[in-house]
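I opened this structure for the first time today and kept notes as I went. The entries below follow the order in which I looked things up.

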Amino acid sequence: MKDFVRVGLIGFGKQGSHYVRSYVEGRLIPQFRLTAIADICPEKLKWVKDNIHADIECFDSAEAMLSSGKVDACIVTTPHAVHPENVIQCLRHGVHVMCDKPAGVHILQVEEMNREAEKHPELVFSIMLNQRTNCAYRELRRIVQTEEYGKVRRINWQVNNWYRSHVYYESFDWRGIWKGAYGGTIVDQCPHQVDLWQWMFGMPDKVTCRMGFGVHHNIEVEDEVSAILEYNDGRMGTFNSSTSIPNGQNILEVNLDAANITVKGDRIYVEKFCMPEPEWEKGPRGIYEKPVVEPVVEIPTDGKNLQHKGVIEAWINKILGKGEGANDGKEGLDSVMLSNAMYMSAFTGKTVELPLDGKVYYDELMKRVAVSKTKPPVADPLAPVRETFSIKDPKQVEKYFGITERV
Ligand SMILES: NC(=O)c1ccc[n+]([C@@H]2O[C@H](COP(=O)([O-])OP(=O)(O)OC[C@H]3O[C@@H](n4cnc5c(N)ncnc54)[C@H](O)[C@@H]3O)[C@@H](O)[C@H]2O)c1
């Protein structure tokens, strides 16, 4: 057996170019060998030939690359809606595959992808849910699962740190419109948090959501979201997001029986109660008395936040038969289901129960797609790629290409 994997990239755009730079700068494990790139944009392939001095073959379609026999595995980094089609192509060619987030834009196409994956258990199908590598979320998930501070009572997540200006929407011919991205904030920026929600707290049973479409940007899709996520036992949470707040915060507050927990970035803080509230509440108490709480302290974690690098390495190791750390690509369905439920509620003005029927959502989504306007081609398709390769800020470079480990 070889001790390396020949990897092909499908989609050399903004995110694909991060993976390529990461590879050519030697930031990935040596077992990862980028041997081919497929993209439908000839300018991008020319740019690779002219600028990347590595042994990488270029193809004008995923099919041509997959038929060439030059790759054992592929990373799919095409626009969201194309992911399932590309993943299915890879699997049918006997090629391991990493799907970038989100798994797709609607339940039906992701279910079809997962059915194909079921037929190929010998292939490692993984998904780039890189935020799951964050030490703070991993620790919170452990706390919730072990019930270290009792049961979760309420969750409030404010995800306002995905600021996007008009330049972002103008840089891609598919973003900002229903028939290109099939959604905005939720499908484009927040798939990470939507996935983390169900990964840490479980799938809610009901979703009520309001969205503002093109409130602060000249786009068809949403840039404002407020959702209530409910569980059948009566617990509730809120999920709010806007892509129009400069320096907006990403703050997750979780109230449990015996503590309040807050996550900010890769740090997690706890405020413990003197005893679990359900127990405390039984004693004789004053009318407005409250449980005594301890001062807020940071919860120690392993400090690791490996992000894309960690997900890719776990996938490569699993392909090579070493380690079990890779995400199962089929898990991408859960966050697509939850995000579809948010849209369904916003489209209809009604509360939506989960699981959601994929066909019902598809029909509702296609009503928006049918009246969606085509965007003109972008003025400079190479701008996102050049931007990636010109990043100088060490923090940004570390975020995308290196190990982000707190010291
Ligand atoms: N995991 C993360 O942190 C992260 C971050 C950003 C983007 N992404 C994901 O990456 C994907 C791509 O986003 P982007 O910003 O790079 O977009 P992009 O438009 O810059 O790149 C997409 C590329 O795919 C190519 N393409 C389109 N259809 C194709 C096809 N059928 N075959 C081959 N190539 C095709 C386009 O020419 C383009 O170069 C999105 O799904 C996005 O959600 C993930």
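**Two loops with a positive phi**

I began with Asn247, which I found in the loop between β10 and β11. I kept in mind that this is a predicted model. Asn247 has a positive phi of about 60 degrees, although it is not a glycine, and I noted this since most residues other than glycine have a negative phi.

Tyr182 was my next stop, in the loop between α7 (166–170) and α8 (185–189). Tyr182 is not a glycine either, and its phi is positive at about 60 degrees. Is Tyr182 buried or exposed? I counted 26 other C-beta atoms within 10 Å of Tyr182, and the cut-off for a buried residue is 20 or more, so Tyr182 is buried.

**Cis peptide bonds**

I looked up the peptide bond that joins Lys101 and Pro102 and found it to be cis, with omega about -15 degrees; Pro102 lies in the loop between β5 (96–99) and α5 (107–118). Leu354 and Pro355 are also joined by a cis peptide bond, with omega about 0 degrees, and I placed Pro355 in the loop between β16 and α13 (358–370).

**The sheet**

I traced an open sheet of nine strands with mixed pairing, in the order β14-β13-β12-β11-β7-β10-β9-β8-β16. The edges are β14 (297–298) and β16 (352–353), each of which has a single partner strand, so one side of each is left without a neighbour in the sheet. Within the sheet, β7 (residues 152–159) runs parallel to β10 (residues 236–242), and six bridges join the two strands; Gln158 stands opposite Asn240 in β10.

I then followed helix α6 (residues 135–146), which packs on the sheet and touches β7, β11 (250–256), β12 (259–264) and β13 (267–272), its direction making about 160 degrees with that of β12. Helix α9 (residues 191–201) lies across β7 and β10 and runs at about 165 degrees to β7.

**Around the ligand**

Which residues come nearest to the ligand? Of the 24 residues around the ligand, I listed Gly11, Gly13, Lys14, Gln15 and Cys41 as the nearest. Helix α1 (residues 14–24) gives the largest share of this shell, three residues. Sorted by class, the shell holds eleven nonpolar, eight polar and five charged residues.

**The whole protein**

Note on methods
Residues are numbered from 1 along each chain as its sequence is written. This is a predicted model: local features need pLDDT of at least 70, side-chain atom pairs count only at pLDDT 80 or more; totals for chains, interfaces and linings use all residues. Two strands pair if DSSP finds at least two bridges between them. Helices (H or I, at least four residues) and strands (E, at least two) are DSSP runs, numbered from the N terminus. Two residues are in contact if their C-beta atoms, placed from the backbone, lie within 7 Å. Axes are lines fitted to C-alpha atoms, for helices over the stretch in contact, and angles run from 0 to 180 degrees between N-to-C directions. A residue is near a molecule or strand if its C-beta atom, placed from the backbone, lies within 6 Å of it. Ala, Val, Leu, Ile, Met, Phe, Trp, Tyr, Cys and Pro count as nonpolar, Asp, Glu, Lys and Arg as charged, and the others, Gly among them, as polar. A residue is buried if 20 or more other C-beta atoms lie within 10 Å of its own, exposed if 12 or fewer, and partly exposed in between; C-beta atoms are placed from the backbone.
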